[in-house]
Amino acid sequence: MLLKVVFIGPMGSGKSTAIQTISEIEPVKTEARNTERFKVDKPTTTVGMDYGEINLGEHGKVALYGVPGQQRFDFMWPIITKGAMGAIMLLDCSQENCWKEFKYFVDEFTKFVDPSSFIVALNRATDSDVDHCNQLLMDEGLTMPVFCSDPRNEQDLTVLLHVLISNAELRFLLD
């Protein structure tokens, strides 16, 4: 069995780092020089996608896909998300305009992935960030699990994947 999980979020939110942290293979990356350093100060950025895997032995594998975070690459989003059993939305709460970006990504990606199969992972977050995120979701009529998570922490990411897969199994049983 192949489970497809997509990491979504704005540039610099930690998608590539998360896949690098949890993948059991050397991730495939499509990095290029970051020409938008005025937005996020990092030397490179994803321009196509990231890909990694977790082997489940006889039960198959989890394919990990990361989308590019810049809006100019939005044509890739429906291609990468097709067939995904769920999505983990990463958000770096220390970035300027993070909540505007959050709303944009929620609006865009609920077109491609069922909102009931989303998990939100906030990094560099405070308790008030979690409360604000939950309020934004309620304002949109959405219910998604919200976690504080560090994309460099394998244990945090394992918890996110377990919750995402458990939610998918529950939806399958209820359908």
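These legends accompany several close-up views of one predicted model. Residues are numbered from 1 along each chain as its sequence is written, and side-chain values use heavy atoms, with hydrogens and water left out. Because the model is predicted, local features need pLDDT of at least 70 and side-chain atom pairs count only at pLDDT 80 or more, while totals for chains, interfaces and linings use all residues.

View 1. Let us start with strand 6, residues 86-92, where seven of seven residues are buried. Helices (H or I, at least four residues) and strands (E, at least two) are DSSP runs, numbered from the N terminus. Buried means under 20% relative accessible area, exposed means over 50%, and partly exposed lies in between, using a 1.4 Å probe and protein chains only. Gly86, Ile88, Leu90 and Asp92 point one way from the strand, and Ala87, Met89 and Leu91 point the other way. Strand 1 (residues 2-8) pairs with strand 6 in the parallel sense over four bridges; two strands pair if DSSP finds at least two bridges between them. Here Ile8 has Met89 as its bridge partner in strand 6. Strand 7 (residues 118-123) also pairs with strand 6 in the parallel sense, over six bridges, and Ala121 of strand 7 is the bridge partner of Leu90.

**View 2. A β-α-β unit.** Strand 6, helix 3 (residues 98-109) and strand 7 together make a right-handed β-α-β unit. Right-handed describes a crossover whose path, with the strands pointing away from the viewer, runs clockwise from the first strand over the helix to the second. In the loop between strand 6 and helix 3 you will find Asn97, which has a positive phi of about 65 degrees although it is not a glycine. Asn97 is partly exposed, with a relative accessible area of 47%.

View 3. Ser13 lies in the loop between strand 1 and helix 1 and is buried, at a relative accessible area of 1%. Its C-alpha atom is 5.0 Å from that of Leu91, although the two residues are 78 residues apart along the chain. Leaving aside residues up to four places away in sequence, Ser13 touches Leu90, Leu91, Asp92, Gln95, Asn123 and Pro151, where contact means heavy atoms within 4.5 Å.

**View 4. Ser23 and its polar contacts.** Ser23 sits in the loop between helix 1 (15-22) and strand 2 (31-33), and counts as buried at 13% relative accessibility. Its side chain reaches the backbone oxygen of Ile25 at 2.8 Å, and a polar atom of that side chain lies 3.1 Å from the backbone nitrogen of Glu53. A polar contact is a pair of N or O atoms within 3.5 Å; within protein, one must be able to donate a hydrogen and the other to accept it, and residues adjacent in sequence count only if both atoms are side-chain atoms.

**View 5. The two sides of helix 5.** Leu157, Leu160, Leu161, Leu164 and Ala168 are buried in helix 5. Seen down the helix axis, these buried residues fall within an arc of 95 degrees, so they line one face; the arc is that of the directions from the axis to the C-beta atoms. On the other side, Gln155, His162, Leu173 and Leu174 are exposed. At the start of helix 5, a side-chain oxygen of Asn153 comes to within 2.9 Å of the backbone nitrogen of Gln155.
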